[in-house]
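Here are my notes on the model you sent. Please read them with the structure open.

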Amino acid sequence: MKSPITISGNRGEETPPAPPLDLESIRTFGPFRAYADDIRVDTGVEPDKYVKTHCCFCGQQCGLQLKVKDNTIIGIEPWYEFPFNQGMLCPKGVKRYLQQDHPDRLLHAYEKDSVAPGGFRPIPYPEAIRRVAASIDRLQNEFGRDAFAVLSGASLTTEKTYLMGKFAHMCLRTANIDYNGRLCMVSAAAANKKAFGIDRAANPWSDILGAEVILVSGANIAECAPITTNYVWQAREHGAKVIVVDPRITPLARTCDLFLPVKPGRDTALFNGILHLMIENDWLDHDFIAKHTVDFDAAAGQAREWTPSRTAEVTGIAEKAIRRAAELWGTARTSFLLHARGLEHHSHGVMNVLSAINIVLASGRIGRPNCGYSTITGQGNGQGGREHGQKCDQLPGGRDLDNPEHRAYVAKVWGIDPGDLPRSGADAYEIIRKIDRGEIKGLLSICFNPVVSLPDSNFVRQALAKLDFYVAIDFFMSETARYAHLVLPGSLQEEDEGTVTQVEGRIIRINKAVDCPGEARPDWQIIQDIAQFLGRERGFTFSSPREMFEELRIASKGGVADYSGVTYERIEENFGVFWPCPSETPEGVPTPGPQGTPRLFEPESWNPVAKGAGPFYFPDGRARFHGIPYSGPAEDVDGDFPIILTTGRVVSQFLSGNQTRRIGPLVDHYPEPRVEMHPRLASRLGVGDGDWVTVESRRGSCTLRSLVVNTIRPDTVFIPYHWPGRKSANQLTIAAQDPISKIPEYKVCAVRVRKADGPPEYAGLLEPQQ
Amino acid sequence: MARRNTRGSLNPNSESVLLMPVPDNLEFFIDPSRCIGCQACIQACSECDTHKGQSMIQLDWVDRAQSTQTVPVVCMHCESPTCAEVCPADAIKRTGDGVVQTARKPRCIACNNCVLACPFGVPKMNTGMNLMMKCDMCYDRASVGLKPMCASVCPSQALAFGTREEMARLRPSARPANTFQFGAQTIRTKVNIMIPRDSPTDIVDVTSSMYEPALGCELLDGLFAESLYEG
């Protein structure tokens, strides 16, 4: 049932060279660490204003207040009233303000110039925009519209993501736009659409509090979604049992009731095994299955062969623990299943998620209070950023680019002929491959640092170097922007306003705190300036994010992700509004209350797809089980590469680190990546804690210090991925992708590990964050 | 180039301003079993208006090779603060609301007595400023009913600030404890440690649960503390 997995790019057997050290570029553009000083540490400074907004980092989008003095953010103050986090923050949220007024900040447009310091020289902004437009024109005229691609990001406001999709599809008319959510949320999104017909957290987080069993699969909640910890602990105070599935004993797993140390890449086996035991012991909600689902038999058929002993053999989890997990899950009255990238970053990530959804549907525990299911969205606007048209196959409102009705509706809103809309284009990694093959000649990127964040990064660098023209919009000179011909100075989150949609599906307001410095300006103005210089400004003359949002409301109306009933005022009055929130519903169907729709799939709920037939978003109103055949990772271990590498995050850093590697206190917390390994493996390798070790895969090699801990499976090593260049874990990872979601397999590839011959060349030359 | 932290000076007004006392019903609770080691507390402590740029919290791995367990340490605000008792300059004051204030700058002679004597290892000497600094429970915040910075942000609520009633409601399986035995010294603190509700008193010193016979031996008599279980 799977199409073949795509693994590598168009490259020969030879691995491209290791990343250059780039010392001169680092000296000019950083990253350097900022610490609080001057006005930021002077006590007794009264802020000019407190701006209620949200964190600029992860999908939790914690509410906080920025303290502003003289156009500088001097600190944060908790925002206790915001209901999701009630003042709580992780260290990133506390220190985020140090990214503003940062010495590395790009204040001008830059043009590549090999004799200038750091390889770039500043040029006037209008001149830069003129050149961008001229290059787009030239390349599209010569090589066709699709030869120019756009890579966007899920940390942008929803207004900007809407504009990026519109810009690519209507202004550039290229099929090739995709975004960095491709590395994050897409497996969960695809699986949720397949199982439920809608891609959103099924429940508000408050439903975690009353759950009897909380199953966390592949989610390092304490480090990657820290605020969710308190929800789990609160449930536990009232007796909830916590089950954690992870190859590492994460801080949340340390005190959980049941820890399942799954072998990376074997998750479908585990969930099939649990379903097997649920069926065997009749821990099923037959009424729910009969009334609200289809294809249970397909799932049961695949689960049949997953006896506890076979499940144990494949997953590397003790049979007793698997039985206990099935019993806890099977006999609970209320429950919440949470998963994140650990389940999703696989060449069969969609299948993994569908197998987890199977045990939720079999239990019937969804669509009711304290009965929930959700992925933990990773990026700041990971939810909103995947709804309104910057995905390669998408139009606003969660509509499909290849659906004629959807095309017609959006074309009408935009005032164009549906035939002028391109068809679905390439996913983010395929865009890189197309660049490497010479099919894509030009690129515009924003809010995306693929040189650090994409797998097999040596290949990514090789590809980017081939671009005929590349323009990057960024606030710092990211590792990727260094490959650009032109760099345009964009805006920080705190320099613009708009909305984002956080992990629960709650649309919230980002408020502007300070102005852009120098020649930098809000990203959406830059995009509109390019459209104007291209002579295609129609549709790109918004004067504010609010105007964009008003158009987005119309463009999303009637879609699954319906924002038509949401206004900035309604968001502010209610601490956010949960979509779907249509402005109109058929007669007899009430429109959602002030807060929108916090919980999906309630028994009598109406949606625009089922139209009353049932709570799920399919014409028959029923959720879908899926039969899940097991398949292992794309690259399994062997004699040459006998150890599994898995990658992930640390609490003090965020994604590619373009921001957090510039914030001194966060760098000091966990300065450099280390290779986590079990003492038994370390002993076999003759490696002591803190020794330099070299990790090699078929794609690259990386020398880092070890961290010898018994909190990881002995057959697996872990490296956090936030660092660039020769410290980058993604030199090693594999570009195998899920055939449906196109997510890369960051969570498992084969490596070998040895004690290093000595310190790496970079050790004496680079600061920790560089 | 990156700018370095030039350590800011303390607010010159902070020790002369008489703030409102911390309301009686608001207490501090620490639950190390909840701690996830994220260091949000450390980062937030250094955002406190009275000592910006300086953190007064320590958070350590217990034994990272064996576990991800971490423990946050804030000032326990003792009823009879050892730090104050050993201070030769009378620089450490306990206000009527039970908060042990950080050292008064004009008096502190940076002798380190308090650093050495505190049974919890809380005070730290800021050698650059010749001043002992420690947690004052964010007096500027707590005295007006706001949560201290660390307990505000702590995403696991291992550090929590509120009323006993709130804690009892939110955490039915735990109870607060604030009496600690260090050898012969019994210490009561304003800050509470949450322990499992059904656990007996936590014994931190073997002598605290020993029966002490009079041995008639000069070397041994009086070595044992008074048993917690006596009388």
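1. How many bridges join strand 8 of chain A to strand 9 of chain A, and do these strands run parallel or antiparallel? The model, which is a predicted one, has 5 bridges between strand 8 (residues 213–217) and strand 9 (residues 241–245) of chain A, and the two run parallel. Within this pair, L215(A) is placed opposite I243(A) of strand 9.

2. Both strands belong to an open sheet of 5 strands in chain A, ordered 10-9-8-12-13 and paired in parallel. Strand 10 (258–260) and strand 13 (371–375) of chain A form the edges; each has a single partner strand, so one side of each lacks a neighbour in the sheet. On average, neighbouring strands of this sheet are turned by 10 degrees against each other, direction ignored.

3. Helix 8 (residues 267–280) and helix 11 (residues 308–315) of chain A pack with their axes 9 Å apart, at an angle of about 165 degrees. Helix 8 of chain A is therefore roughly antiparallel to helix 11 of chain A. The crossing of the two is left-handed.

4. Helix 8 of chain A brings A269(A), L270(A), G273(A) and L277(A) to this contact, and helix 11 of chain A brings P308(A), T311(A), V314(A) and T315(A). By class, the contact has 5 nonpolar and 3 polar residues, with no charged ones.

5. Between the chains, 41 residues of chain B are in contact with 45 residues of chain A. On the chain B side, helix 1 (40–45) and helix 5 (149–153) each supply at least two residues. Helix 1 of chain B gives the largest share, 3 residues. The chain B side divides into 13 nonpolar, 19 polar and 9 charged residues.

Methods: Residues are numbered from 1 along each chain as its sequence is written. Chains are lettered from A and ligands numbered from 1 in the order in which they are written. This is a predicted model: local features need pLDDT of at least 70, side-chain atom pairs count only at pLDDT 80 or more; totals for chains, interfaces and linings use all residues. Axes are lines fitted to C-alpha atoms, for helices over the stretch in contact, and angles run from 0 to 180 degrees between N-to-C directions. Helices (H or I, at least four residues) and strands (E, at least two) are DSSP runs, numbered from the N terminus. Angles under 35 degrees count as roughly parallel, over 145 as roughly antiparallel, 65 to 115 as roughly perpendicular and the rest as oblique. A crossing is left-handed if the near helix is turned anticlockwise from the far one by less than a right angle, and right-handed if clockwise. Two residues are in contact if their C-beta atoms, placed from the backbone, lie within 7 Å. Ala, Val, Leu, Ile, Met, Phe, Trp, Tyr, Cys and Pro count as nonpolar, Asp, Glu, Lys and Arg as charged, and the others, Gly among them, as polar. Two strands pair if DSSP finds at least two bridges between them.
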